[in-house]
Amino acid sequence: MDSNLRIGFIGAGNMAYGIAKGVLQSGDVPPTNVKVSAPSARNFGRFQELGVAVTHSNAELVSSCDLVFVAVKPHLVTTILSEITDLVTRKHIIVSVAAGVTLATLQGLLPFDTVVLRLMPNLPCLVQQGALLFSRGTRARQEDGDLLRSLLQHCGLVEEGPEAWIDIHTGLSGSGVAFVYLFAEALAEGAVKMGMPSALAHSIAAQTVLGAGQLLRDSGKHPAQLRSEVCTPGGTTIFGLHAMEQGGVRAATMTAVETATERARELGRKSAPMATENRK
């Protein structure tokens, strides 16, 4: 990796912060080579603690950076890219983390030969335990993907796939984090109902989710196999699982992933006409 690579983040939210932390953790990119822009200074403090420069000017950031993460809400992408398009050159790599906004839309808002990638991270990037999936645009080469993967390696699991998977990943992992939190909350509340103090119940629920996830990842076993290893005939677990199945937990979770995926696709369809109109 070029030690002189300059990285910018348009947007100073959680995703930008989590990715920035991971990028800096490698030590390959010094904080002095990273800059963040946002209209408000509200979130600048935590970036400045990392040694990162901040600015209110997107134009200044793009002019001084080689690789730019566009980490803003989907409805702001068209406005932001239209603002910076005249400053984007062949040296730039543009990485969007906006849910639902397609590569075709992104490429339509930028100069024809711009290298564009689409990335979907998730909130655990904040603790370098994220799940990230990216796709390359038509002008992005294998080496561009390799560079992005190298930059993100300390953010968590990083995979490349076709763009059709990005919206699915949004439903599975981007939104899925919230589904896990809801389950953890319900798990703890069940213990509170049975008489355990709330603080202890939530601490144990968090550790249960963490431990179960790590075992699932590291063992390489199918979830059903691990689940069966916990169950004993006539024991507590199979009775609890029966209650969950009666409550429709499996179907509700699958539907949640499906609905979140469809919403991501809907956001993409909404952003496309905006981009077309903006280019006229």
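In what order do the eight strands of the open sheet stand, and is the pairing parallel, antiparallel or mixed? I read the order as β3-β2-β1-β4-β5-β6-β7-β8, with mixed pairing; strands here are DSSP runs (E, at least two residues) and helices are runs of H or I of at least four residues, both numbered from the N terminus. I count two strands as paired if DSSP finds at least two bridges between them.

Before going further, I note that this is a predicted model, in which local features need pLDDT of at least 70 and side-chain atom pairs count only at pLDDT 80 or more, while totals for chains, interfaces and linings use all residues. Residues are numbered from 1 along each chain as its sequence is written, and side-chain values use heavy atoms, with hydrogens and water left out.

Strand β1 (residues 7-10) runs parallel to strand β4 (residues 67-70), to which four bridges join it, and I find Phe9 with Phe69 as its bridge partner in β4. Helix α1 lies across β1, β2 (34-37), β4 and β6, and runs at about 170° to β1.

I then followed β6 (residues 115-120), where six of six residues are buried, buried meaning under 20% relative accessible area, with exposed over 50% and partly exposed in between (1.4 Å probe, protein chains only). Both of its faces are covered, with Val115, Leu117 and Leu119 on one side and Val116, Arg118 and Met120 on the other. Strand β5 (residues 93-96) is joined to β6 by four bridges and runs parallel to it, with Ile94 opposite Val116.

With β7, strand β6 pairs in the antiparallel sense over four bridges, and I see Leu117 opposite Arg136 and Arg118 opposite Ser135. Six of the seven residues of β7 (residues 130-136) are buried, so this strand is largely enclosed by the rest of the structure. To β8 (residues 156-160), β7 is joined by five bridges in a parallel run, Ala131 having Leu157 as its bridge partner. I note that β7, helix α6 (residues 142-152) and β8 make a right-handed β-α-β unit.

**Entry: the nonpolar cores**

Which members of the largest nonpolar core touch the most other members? A nonpolar core is a set of buried Ala, Val, Leu, Ile, Met, Phe, Trp, Tyr and Cys residues joined through side-chain atoms within 4.5 Å, and in the largest, of 36 residues, they are Ile7, Phe9, Phe69, Leu119 and Leu152. Helix α1 (residues 14-25) gives the most to this core, with six residues. Apart from it lies another core of 20 residues, among them Leu61, Val77, Leu109 and Val116.

I listed the contacts (heavy atoms within 4.5 Å) of Leu119 beyond four places in sequence, and they include Ile19, Phe69, Val95, Leu132 and Leu152. Leu152 lies in helix α6 and is buried, with a relative accessible area of 0%; outside four places in sequence, Leu152 touches Ile19, Phe69, Leu119, Leu132 and Val158.

**Entry: annotated positions**

UniProt lists Asn58 for "binding site" in an unreviewed entry; its positions are given in the numbering used here, feature names are shortened, and annotations may be inferred rather than shown by experiment. I find Asn58 in helix α3 (residues 58-64), and at 9% relative accessibility Asn58 counts as buried. Leaving aside neighbours within four places in sequence, Asn58 is in contact with Ile10, Ser37, Ile80, Glu83 and Ile84.

The unreviewed UniProt entry also gives "domain: Pyrroline-5-carboxylate reductase dimerisation" over residues 163-267. Over those residues I find the chain to be 85% helix and 0% strand, with the end C-alpha atoms 15 Å apart.

Methods. Right-handed = clockwise from strand over helix to strand, strands pointing away. Axes fitted to C-alpha atoms, helices over the stretch in contact; angles between N-to-C directions.
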